[in-house]
Amino acid sequence: MSMTETPVDNGVNVEALLGAREAMSQVPEAAAFVWKATSTWVNGAHSRTSFETFFGAGDEQSHTRRFEIDTDHPPVFAADDNGITPVETVLAGLAGCLSAGVASVAQNRGIQLRRVDATLEGDMDLQGILGIDPEVRNGYSGIRVRFDIDADASDDEVRAVVAQSQKRSAVYDIIANPTAIVVEVA
Amino acid sequence: MTTSIPVAIIGAGQAGLAMSRCLTDRSIDHVLLERGEVAHSWRTERWDSLRLLTPNWMTRLPGHRYEGTDPNGFMPGEEVVNLLTGYGQSFAAPVHTNTTVESIHVRGDHHVITTDAGVYRARAVVIATGAASTPRIPALAAELPAHVHQIAPIHYRNPDQLDDGPVLVVGASASGAQLADELRRSGRDVMLAVGDHTRLPRTYRGMDIHWWMDTIGVLSERHDEVPDIARARRLPSLQLVGSPERRDLDLNALAAAGVELVGRFAGVSGSTAMFSGSLANLCASADLKLGRLLDRIDDVAAEHGLDAKHAPGDRPAPTHHPAPITTRDLRSISTVVWATGFRPTYPWLEPHLLDRKGAIRHTGGVMTEPGMYVLGLPFQQHRASSFIDGVGRDATELAAHLTSWLDAVSAPRTTTANPSTHQRAA
């Protein structure tokens, strides 16, 4: 725990988060969230997915505005590159989730952050999705995240913040552990 | 037959006996209702090779301290049975054996305890049934192929019980680490699925790690002093073994013995077991946490001039883990050992006394129903609450609370003079 002259401000409202935690431990139903996306195919590998509402805290909720992500494939796959590939959105999700976690955990521990950069690499053998070798999985065989963090804390304190952010990360869990998926046709 | 008594203690293990001693010292009439015999779970639910995780000198109970010849050794199970049996006999603990509690209800100003050997009416009740009675088996156990033999540590005795095939041990706390080690030494192929775990070296700077934890005050940290008590109470048991050679039993030691380390057992798909990709982080977390503990030890040692007597030592090497596999064909596994901890089970308590996870609602052992207490749960009042060496402190505290409560409700008390009243164990 580092002591600083000025209050630590990583832009995280820890009091609100701890308040939500307390409230949801009393009323577990409020902790049940449903995240929603709708997508429409544009052409070729290009799709556009939009995000506007979700359910949580016992009610329908909205983002402050509608967000969209275009996904496509790059020219090396003979596509138009109208957006990142779907598998790259997974890296975006992981980076965003871990970094948010780093900021929150650091704030809670009184650690001022000045810079949090992450570099992510995901290994994928395309022999899987191309059906060349059934022994090869479609998805990432491994993901590496390298954080470069400047903070008012010792190296071990920073490492502990990063470790804790992984323990509490939704996207980390989604990637590391199996999830049941149901796909239907309307 | 109905017996009226000021206090009924449920369970005659370390916690029940410690409370019995405290009440005896206060001349408060009571009984211990025990489903089997004293130290029942140590007699019937522990594997053959198990020794206490704490050294012999660390078996202090109210009015008792270790006086044997091997204070730094680790007691085997049968000696623990002898210890607790002798302790109960030393103050004639009023144990009603082979008495299984079926229900406890509040009736006016009494608690009515129905057992298979009669009914008891008590002003106060102390629940001391222990933290380790019902294994917590994950739901995915039901998805394992039929050929896989499944067993929990309370039913495991020794390797001869299992066939010779490969074993998957799930959970890397003291139980999982010890059973993985024992089964590997028996010649079997062993995988260990590792979730959250607490790594500790057996000794540090020449002294047992528990000596250090006792000395620097970690073990006496109170429930209202830690930032997240719910999390502290959930922590798995320490990755330790009590052995004559005082060896370490961390993941490095297990890997060196040939145990294959994999991530948390996360799912079953057909005949494939899936293991979490989180192993690297859990190992890093455990190493960092261990580092913080050893830093605290070093700080206290320096402050108190212990550096000369207990020279600073090497830190344990970081945990090595290979890029772990994330799947394994279960057709190659003969046995799964669920070393996944215990869950609370109190079917004989009124539901309003329990939280939504079935655990007893209490603050420092004082339950929500006046006159009801619980004793011996992990980190109940302080970090060593579930240790033989720690339960006495909680019992002493709760006995004082219980006495005040009995006084307040004017419960009948015997008045036998007892010079040891209020005497506290050293």
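This is a predicted model: local features need pLDDT of at least 70, side-chain atom pairs count only at pLDDT 80 or more; totals for chains, interfaces and linings use all residues.

Colleague: OK, switching to chain A. How many helices and strands does chain A have?

Modeller: Four helices and six strands. Starting at the N terminus, the elements of chain A go α-β-β-β-β-α-β-β-α-α. The C-alpha trace of chain A spans about 55 × 40 × 30 Å along its principal axes.

Colleague: How much of chain A is buried?

Modeller: 17% of its 186 residues count as buried.

Colleague: Tell me about H2 in chain A. How far does H2(A) reach from its first C-alpha to its last?

Modeller: H2(A) covers residues 86–108, which is 23 residues, and reaches 33 Å, close to the 33 Å expected at 1.5 Å a residue. After H2(A) comes A:Gly110, with a positive phi near 70°.

Colleague: Which residues of H2(A) are buried?

Modeller: Quite a list, including A:Leu91, A:Leu94, A:Leu98, A:Val102 and A:Val105. A:Cys97, A:Gly101 and A:Ser104 are also among them.

Colleague: Why would residues three or four places apart point the same way in an α-helix?

Modeller: Because an α-helix has 3.6 residues a turn.

Colleague: And what do the buried residues of H2(A) pack against?

Modeller: Elements of chain A: helices H1 (14–26), H3 (155–167) and H4 (170–176), plus strands S5 (113–123) and S6 (142–151).

Colleague: Now the interface. How many residues of chain B are in contact with chain A?

Modeller: 13 residues of chain B are in contact with 11 residues of chain A. On the chain B side, S16 and helix H8 (279–303) each supply at least two residues. The largest share, five residues, is from H8(B).

Colleague: What's that side like by class, charged or nonpolar?

Modeller: The side of chain B that touches chain A has eight polar, five nonpolar and no charged residues.

Colleague: What about the core? Which residues touch the most other members of the largest nonpolar core?

Modeller: That core has 106 residues, and the ones touching the most other members are B:Ala8, B:Met19, B:Val125, B:Val126, B:Val169, B:Leu192 and B:Leu375. H8(B) gives this core its largest share, nine residues. Another core, of 22 residues, lies apart from it, and A:Val105, A:Ala163, A:Tyr172 and B:Leu288 are among its members.

Colleague: Back to B:Val125. What is B:Val125 in contact with, leaving aside neighbours within four places in sequence?

Modeller: B:Ala8, B:Ile10, B:Ile104, B:His111, B:Ile113, B:Gly371 and B:Met372. Two of the residues in that list, B:Ile104 and B:Ile113, are also bridge partners.

Colleague: Which strands pair around there?

Modeller: S4 (residues 101–107) and S5 (residues 110–115) of chain B, antiparallel, over six bridges. Their hairpin has two residues between the strands, and B:Gly108 takes a positive phi near 65° there.

Note on methods
Residues are numbered from 1 along each chain as its sequence is written. Chains are lettered from A and ligands numbered from 1 in the order in which they are written. A residue is buried if 20 or more other C-beta atoms lie within 10 Å of its own, exposed if 12 or fewer, and partly exposed in between; C-beta atoms are placed from the backbone. The expected span of a helix is 1.5 Å times one less than its number of residues. Two residues are in contact if their C-beta atoms, placed from the backbone, lie within 7 Å. Two strands pair if DSSP finds at least two bridges between them. Ala, Val, Leu, Ile, Met, Phe, Trp, Tyr, Cys and Pro count as nonpolar, Asp, Glu, Lys and Arg as charged, and the others, Gly among them, as polar. A nonpolar core is a set of buried Ala, Val, Leu, Ile, Met, Phe, Trp, Tyr and Cys residues joined through C-beta atoms within 7 Å.
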